[in-house]
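Look at the sequence and the structure, then read on.

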Amino acid sequence: MANRTIMAAGNWKMNKTPAEASAFVEGLKPLVAGATTEVVVGVPFVALSGVLAAAKGSNVKVAAQNVHWEANGAYTGEISCGMLKEMGVEYVIVGHSERREYFGETNEMINKKARAILNAGMLPIICCGETLTQREQGVTAEHVRYQIKVALLGLSAEEMMKSVIAYEPIWAIGTGKTASDEQAEEVCAIIRQLLVELYGTEVAETTRILYGGSVNAGNAKVLFGMPNIDGGLVGGASLKHDGFTAIVLA
Ligand code: PGA
């Protein structure tokens with residue numbers, strides 16, 4: 001297996017005020033200072049400034065949870081890659097199932113966002129995953145392959161290797177119902193095989209693929225130990241110091 005650095009990325013979603021967010025990261029820093037894992041916190045836009053200041057000089061990296069693909073213009077309420085880059089944001093989560101479901105994001109939009117993020121010098125964490133119905137219909141592999149194939153259109157091999165993919169079965173998000181390590185590994189392996197087809201072995205072996213969906217202190221170690229799982233995108237359990245630290249150190 002290639003030497004991929006495990007990533008523990010928190011996705012706070014719509015939680016924590018700016019003051020709470022900065023205080024959380026101040027408290028998190030010493031707890032994860034010795035981690036060999038790459039530590040990322042995905043915070044609300046309004047908390048980015050304070051969290052970036054709090055994280056400065058530490059091993060805690062900062063992600064935004066969304067972005068618009070256009071550089072500027074008449075897009076009321078939106079945030080551009082240039083704005084995030086200037087602040088010092090490194091990663092942007094794109095294509096989360098909640099954004100697809102509640103805000104109508106399509107694979108094509110996610111592709112535009114991923115390209116804009118890379119063009120701006122940041123790195124996308126591209127999410128995919130099937131519904132329970134799709135799993136029961138036996139179309140998980142087809143669905144996830146389609147999502148990822150479209151999301152990656154136009155990305156060069158070099159861009160691909162820097163990007164991160166997160167497999168998050170929708171039925172496992174926020175439900176406490178984690179995919180089994182075999183289920184998670186199976187789909188992450190399918191995604192890696194797709195990368196082999198699209199980019200060849202070297203890119204496929206370098207690109208990190210995370211699992212997300214009810215990751216917690218108890219299951220992270222086994223999940224992150226699977227051959228094709230390179231860490232986790234963590235929602236609920238990333239909101240508390242003890243839970244997230246345990247995942248980081250797993
Ligand atoms: P969860 O969320 O860990 O609360 O299931 C994961 C995610 O949506 O990224």
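The second largest pocket is lined by 17 residues, and G174, G213, S214, G235 and G236 are those nearest its centre. A pocket here is an open set of points on a 1 Å grid over the protein atoms alone where a 1.4 Å probe fits, with protein on both sides within 12 Å along at least five of seven lines; lining residues have an atom within 4 Å of a point. The model is predicted: local features need pLDDT of at least 70, side-chain atom pairs count only at pLDDT 80 or more, and totals for chains, interfaces and linings use all residues. Residues are numbered from 1 along each chain as its sequence is written, and side-chain values use heavy atoms, without hydrogens and water.

The ligand sits in the second largest pocket (more than half of its atoms lie within 2 Å of the grid points). Around the ligand are 13 residues, of which K13, H96, E168, G174 and S214 come nearest (a residue is near if one of its heavy atoms lies within 4 Å). This shell has 4 nonpolar, 7 polar and 2 charged residues; Gly counts as polar in this scheme, and Asp, Glu, Lys and Arg as charged.

Which residues place an N or O atom by an oxygen atom of the ligand? A polar side-chain atom of K13 lies 2.7 Å from a ligand oxygen, and for S214 a backbone N or O atom lies 2.7 Å from one. These are polar contacts (pairs of N or O atoms within 3.5 Å). On its own the ligand has 280 Å² of accessible area, and the protein covers 95% of that (Shrake-Rupley method, 1.4 Å probe).

| Pocket | Volume | Lining classes |
|---|---|---|
| Largest pocket | about 460 Å³ | 8 nonpolar, 6 polar, 5 charged residues |
| Second largest pocket | about 200 Å³ | 5 nonpolar, 10 polar, 2 charged residues |

A volume is the space filled by probe spheres set on the grid points.

Terms used: Polar contact = N/O pair within 3.5 Å; in protein donor to acceptor, adjacent residues only side chain to side chain.
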